[in-house]
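This briefing concerns the structure shown below.

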Amino acid sequence: IVRTVTRHKDGTATVTTTDGSEWHADCVIVTVPLSVLQCKHESTGMYFVPPLSQEKQEAIQRLAMGSENKVVMRF
């Protein structure tokens with residue numbers, strides 16, 4: 001289970017799981033349920049380092065559950 005996605009200044013990323021495993025990549029595509037992005041349950045929340053912009057966080061919080069919602073973020 002992914003716990004954090006860390007974006008580095010050189011443009012690469014590190015994905016860390018709850019068991020401490022790490023994967024390093026040039027890019028990361030995140031496809032998760034909206035409730036994970038909204039961190040409705042701390043145990044299933046996923047965190048971004050550095051945090052997403054305030055604008056993106058507010059947009060995610062305004063979304064309601066539905067089969068047609070999609071969130072696309074470009075770094």
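The points that follow are grouped by topic. The model is predicted. An open sheet of four strands is present, with mixed pairing, and the largest nonpolar core has eight residues.

**Sheet**
- The strand order in the open sheet is β3-β2-β1-β4.
- Strands β3 (22-25) and β4 (47-49) form the edges, each pairing on one side only.
- On average, neighbouring strands of this sheet are turned by 20° against each other, direction ignored.
- Strands β2 and β3 run antiparallel and are joined by four bridges.
- Ala13 has Ala25, in β3, as its bridge partner.
- In general, strands of a sheet pair through backbone hydrogen bonds, in either a parallel or an antiparallel manner.

**Thr17**
- Thr17 lies in strand β2, which covers residues 13-17.
- Thr17 counts as buried because its relative accessible area is 10%, and buried means under 20%.
- Leaving aside residues up to four places away in sequence, Thr17 touches Ile1, Val2, Arg3 and Trp23.

**Nonpolar core**
- The largest nonpolar core consists of Val5, Leu34, Val36, Leu37, Met46, Phe48, Leu52 and Ile60.
- Helix α1 (residues 34-37) supplies the largest share of this core, namely three residues.
- Nonpolar side chains tend to be buried together in soluble globular proteins.
- Leu37, one of the core residues, touches Val32, Met46, Phe48, Ile60, Gln61, Val71 and Met73, not counting residues up to four places away in sequence.

Definitions and conventions: Residues are numbered from 1 along each chain as its sequence is written. This is a predicted model: local features need pLDDT of at least 70, side-chain atom pairs count only at pLDDT 80 or more; totals for chains, interfaces and linings use all residues. Side-chain values use heavy atoms; hydrogens and water are left out. Helices (H or I, at least four residues) and strands (E, at least two) are DSSP runs, numbered from the N terminus. Buried means under 20% relative accessible area, exposed over 50%, partly exposed in between (1.4 Å probe, protein chains only). Contact means heavy atoms within 4.5 Å. A nonpolar core is a set of buried Ala, Val, Leu, Ile, Met, Phe, Trp, Tyr and Cys residues joined through side-chain atoms within 4.5 Å. Two strands pair if DSSP finds at least two bridges between them. Axes are lines fitted to C-alpha atoms, for helices over the stretch in contact, and angles run from 0 to 180 degrees between N-to-C directions.
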